[in-house]
Amino acid sequence: GRYEEALAAARPAALGSDLPLVLQGRAAWVEARRGNFAAAIPPMQKLVAVDPEYIWGWQQLAEWHNETGKPASYLEAAGELCRLRPGHPLSLTMRGEARVQTGDREAGKADLRDALRLHPGYSPAAVLLFDACLADGENREARAALSVLQEHLTGPEVLVKQVQFLARTGDEDGAVRAFADLCQTPGEAPPVFLQLAVAELHAAGLGDRAAEELEKAWAGGDGFNPWAAIYWLDTPQGGD
């Protein structure tokens, strides 16, 4: 977090203004790390214009455009990554995500499928493919992507995907069981995962059952996610 020192290290006085491209890129990266994307993106764009083969620069630009909500620019940078590293699962996953964001959903899902064909256990592609297919009502393919996650990942991210899939496909008891497991992940599940699961159960008309599981979790003693108690307080039962 000592950003000024990091910038100084990337700009050694002995080199003057004649900095190597990799140090200029690292200086831009430092600015991005402290959230100053306005000072990071234009210099990196200049660097990839000078050297269009600068893979690391294109990857940073893709990530930064995604973080700052610029899907068209994200797609452009991800496309360059695919040019430089054709058939690489990360490049395909980024381009697939960007295509989905820009509305080219079928092409985006095709990229994500290709990434999984190249690397069957590549969970970032499986997460994005699951989300896209579930949103598009393609339940069979969403289930296949979920199976990849269940095989290669553990923890709250997989559990919340299970809740989403089961709730949207009408398996109410299964969704509630997955939610109960999520509530029993002590200190592991960030609040966003629990929040997503609660919202999913409410959307499926299972708000009362979600409240019951939240109460069971924190009232049961050891081994519960502390956010379960907080979200229970926000329910009508907890508010009473």
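How many aromatic pairs does a search of the whole structure find? The search finds 1 aromatic pair, where rings of Phe, Tyr and Trp (its six-membered ring) pair if their centres lie within 6.5 Å. In this pair, the ring centres of tyrosine 54 and tryptophan 56 are 6.3 Å apart and the planes stand at 45°, so the pair is tilted; planes under 30 degrees apart count as stacked, over 60 as edge-to-face and the rest as tilted. Tyrosine 54 has 9% relative accessibility and counts as buried, whereas tryptophan 56, at 26%, counts as partly exposed. Buried means under 20% relative accessible area, exposed over 50% and partly exposed in between, with a 1.4 Å probe and protein chains only.

The model is predicted: local features need pLDDT of at least 70 and side-chain atom pairs count only at pLDDT 80 or more, while totals for chains, interfaces and linings use all residues. Residues are numbered from 1 along each chain as its sequence is written, and side-chain values use heavy atoms, with hydrogens and water left out.

The chain has 15 helices and 0 strands, taken as DSSP runs numbered from the N terminus (helices H or I, at least four residues; strands E, at least two). Of its 240 residues, 42% count as buried. Among contacts with a separation of 6 or more, 49% are between residues 24 or more positions apart; contact means heavy atoms within 4.5 Å.

Helices H5 (residues 71-84) and H6 (residues 89-101) pack with their axes 8 Å apart and at an angle of about 155°. Axes are lines fitted to C-alpha atoms, for helices over the stretch in contact, and angles run from 0 to 180 degrees between N-to-C directions. H5 and H6 are therefore roughly antiparallel (angles over 145 degrees; under 35 is roughly parallel, 65 to 115 roughly perpendicular and the rest oblique). Residues of H5 that meet H6 include Tyr74, Leu75 and Leu81, and those on the H6 side include Leu92, Met94 and Arg95.

Two arginines lie over aromatic rings, a charge being counted as over a ring if NZ of Lys or CZ of Arg is within 6 Å of the ring centre and within 35 degrees of the ring normal. Arginine 26 is placed over the face of tryptophan 29, 4.7 Å from the ring centre. The charged end of arginine 143 is 5.9 Å from the centre of the phenylalanine 165 ring.

Lysine 161 belongs to helix H10 (residues 156-168) and, at 9% relative accessibility, counts as buried. Apart from neighbours within four places in sequence, lysine 161 contacts Val127, Phe130, Asp131, Leu146 and Leu149.
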